[in-house]
Amino acid sequence: MELNVLFGGRAGDGIRQLGQLWARLLARRGYRVFLYDDYPSLIRGGHNFTVVRASELPVSSHRERVEILVALNSEALERHRWRLEKEGLILGEDLEAGVSVPWKEIVKEERAPAIMRNTAALASLARLLDIPWEELEGHLRRDLPKETELNLKIAHRSYQKTSGGVFRSLPVLSQEPWPTFFGNEALALGAVAAGLKLYVAYPMTPASSILHYLALHGETLGVTTIHPENEIAAILCALGASYAGWPSMVGTSGGGFALMVEALSLAGQAELPIVIIECQRPGPSTGVPTYTMQGDLDFVASAGHGEFPRVVLAPGEAEEAFRLSAWALYLAWKFQIPVLVLSDKQVSESLFTTKLPLDEVPRLEFKAWAGGGEYQRYALAPDGISPLAFPGDPQAVVKVNSYEHDPYGITTEEPELIAQMQEKRFRKLSLLKDLLDAPAWVKAEGEGETALVVWGSTRGPAWEVARALGWRYVQPLVLEPFPERALKAALEGVKKVIVAETNFTGALVRRLKAHGIQVDHQVLKYDGRPFSLEELEGKVRGL
Amino acid sequence: MLARAKDPLSTYAEITWCPGCGNFGLLTALKKVLKGWQEEGALSRLVLVSGIGCHAKIVDYVAVNSFYAIHGRVLPVAWGIKMARPELTVLGHAGDGDAYGEGLAHLIFAAKRNLNLTLVVHNNSVYGLTTGQFTPTSPKGFKGRSTPKGSPETPINPLELMLASGATFVARGYAGRPAHLATLIEAGLRHPGFAFIDVLQPCYTFFNTYDFFNARVKELPPGHDPTDFEAALRWALKWDYSQEAQEIPLGIFYQVSKPLYEDLVRVSPKEPDLEEHIKRLHS
């Protein structure tokens, strides 16, 4: 039981909101939903479309083909007609074939802004799918707190005017409805669950919605949210807060992260905990701002001058985003290191239904200074983790330093100390490897002799394709340090390894090979679009 | 032991400024201030932040909380400390290359936001640690190693810039008058809001300006009203950081009260009810 609907129109037609309203409605009926949003980098004009896939089973990818096409203009119809399944339905205005409803007229007669055609379209769709008016009304009251009555009036008229009978009935499912989250919302909430206190970010697509979400809900969530003058200020402000004892996070895309790199190295030298969310989009440079690419793995894994331990985590959907941002904050504080969470547009700006595992993520903890004796911020601890005290402690003078330093944090150029401090910092890497090169950090499902190996957002379609083909599915959640042992264990008995990722040069392929894991086929896509389910299946089947 | 037995405000670090360096005057002034805080038992609530350059070594020399940051980034670090712990008093030390070159955007925004912290700029109009290049406040024609024919640029006037950017405390001190400078720093630390102090600091090795400043610096007249913006601007424009000046005023040019950024933006930490939040927003 599955239903795929495409909503298309001009930027400014409220396509994304329409898709989201539809997705939430279905989620409340017990469906598992995935929303893919495709939009150009502009405010008005251009073509936007949103695909909402609903299923009884969890989904985190979209199909190319749809059963219903909702066209808010003729361009949407022309562009997407090919996607329509046989027996599919077209819903729009002034159509030659399909169901036409005079949304424009209704909106005009109600003297409402033109964007409210999206509410009218939603009502028509609900009618065609046999959703009772009372239920739709309840959703709209909940989800449209602004201009509610006007929206309802328009919806009601459109609902009444939609004829053509019931296209399909969508039964209310007996399973528990799951909440809906954009990937970026899940990233934000994961960090909050672990104890986040400060988020600092300069706007950049596709990371901006973390900033918007935390700015709007910061009071409720106990998170101070700041939009500073640039990304350089963002990360340094976060590092200042971290020094003073506040768990902090920054978020950006590749270009903004490039500006943060000098401070990333500072975090490495000064051993300051920090979480950096990098939501990838196609580069190089400005690239394609509102589309997706897994092109920054090498960059984040090696960014920063000098050598220092770091962790790179890569979620592939909302639940992983929640878990991994919580873990990121935990690891950053436990080991006093920078932790990077590598998302992309496809994870960050898609909508998922999921039950966030609130009780399964770690709460931040750190090795606190127990007092007694003189405080040394960089005490040469056997495990490399020096106890933390914070400024304001009457017993401790807390000195952090971007220069190489002695245990007190005073600048040094002595060769023995330089070597000792570098060894101290890298002792933490051995601990990190012990923790992260483990089965929990490599998702593996199925027993097949062919394995489909992916990372990040390619998880969505790959997981389903592997299941459909009877293959093994393997996905590392951590990419630095690379979980070599855990991956080899997950691939035990596999005869053929196929890797799929959305970039040109195969960043995961390179890593697997460097760690002695043979790759038989690589399937790469670099047109800014994610793999649809059919596309990925078509490319790997028969390999 | 971090602190010296005979001088507990100082660390064991060897001072590596050149003999005659203007930074010694700054250190004398700072230690005078620190002594006062120590006597009040408040020293642990003070945090120093420095950039990179000769000035920045100052944090290694005093046994006080410090964040030895990177070039140009003193202010965002100080800002973050203040957001996390508003009860701390944060004193930033930056060089003129730091504050007026590499990190100029942060300076303007710190003033615009009225961040509740103090910035002392060790302004020697030359890059000392990188051995003698021109800076944003070097006079036109300054012959540095990157401008052998003389600087083609006119210097910026930091006081004018800070007044235009909305700073609520704008002052100028001189490393050659540490006692007076200490009063400025102390006043800056007690000022609620962004306190900016440009400190004229001769570089004995690369740009020795002692004689030039000694002959010209003069404290603002007692009748100057620091709440009068236009008067402050007039005094700030008396000297354009060129080599042609009859008189260089020192003191607090401007001081007014404005709402604090931290009061407008900071959210008090709390244990959020995520389950309730998700039910309300996402279900």
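Two strands pair if DSSP finds at least two bridges between them. Strands here are DSSP runs of type E with at least two residues, helices are runs of H or I with at least four residues, and both are numbered from the N terminus. The model is predicted, so local features need pLDDT of at least 70 and side-chain atom pairs count only at pLDDT 80 or more, while totals for chains, interfaces and linings use all residues. Residues are numbered from 1 along each chain as its sequence is written, and chains are lettered from A in the order in which they are written.

**Exercise 1. Find the strand pairing between the chains and describe how β15 of chain A and β2(B) run.**

Step 1. Locate strand β15 of chain A at residues 399–401, and β2 of chain B at 65–68.

Step 2. Follow the two strands: they pair in the parallel sense, over three bridges.

Step 3. Pick out one bridge: V400(A) has F67(B) as its partner in β2(B).

**Exercise 2. Work out the surroundings of Y68(B), and decide whether Y68(B) is buried or exposed.**

Step 1. Y68(B) sits in strand β2 of chain B.

Step 2. Count neighbours, using these cut-offs: a residue is buried if 20 or more other C-beta atoms lie within 10 Å of its own, exposed if 12 or fewer, and partly exposed in between, with C-beta atoms placed from the backbone. Y68(B) has 27 C-beta neighbours inside 10 Å, so Y68(B) counts as buried.

Step 3. List contacts, where two residues are in contact if their C-beta atoms, placed from the backbone, lie within 7 Å. Leaving aside neighbours within four places in sequence, Y68(B) touches V400(A), N401(A), S402(A) and Y403(A) from chain A, along with S50(B), A56(B) and V59(B).

Step 4. Check one distance: K57(B) is eleven residues from Y68(B) in sequence, and their C-alpha atoms are 8.3 Å apart.

**Exercise 3. Describe the side of chain B that touches chain A.**

Step 1. Start with the totals: 43 residues of chain B are in contact with 50 residues of chain A.

Step 2. Assign them to elements. Two or more residues each come from β2, α3 (74–84), α5 (104–113) and α11 (274–282) of chain B. The largest share, eight residues, belongs to α3(B).

Step 3. Sort by class: this side has 26 nonpolar, nine polar and eight charged residues. Here Ala, Val, Leu, Ile, Met, Phe, Trp, Tyr, Cys and Pro count as nonpolar, Asp, Glu, Lys and Arg as charged, and the others, Gly among them, as polar.

**Exercise 4. Trace the open sheet of seven strands in chain A.**

Step 1. Read off the order, β9-β8-β10-β11-β13-β12-β19, with mixed pairing.

Step 2. Find the edges: β9 (224–226) and β19 (478–480) of chain A each pair on one side only.

Step 3. β12(A) and β19(A) run antiparallel, joined by two bridges, and V312(A) stands opposite E480(A).

Step 4. Helix α7 (residues 183–194) of chain A lies across β10, β11 and β13 of chain A, at about 160° to β13(A). Helix α10 (residues 254–270) of chain A also lies across β10, β11 and β13 of chain A, at about 160° to β11(A). These angles run from 0 to 180 degrees between N-to-C directions, with axes fitted to C-alpha atoms, for helices over the stretch in contact.
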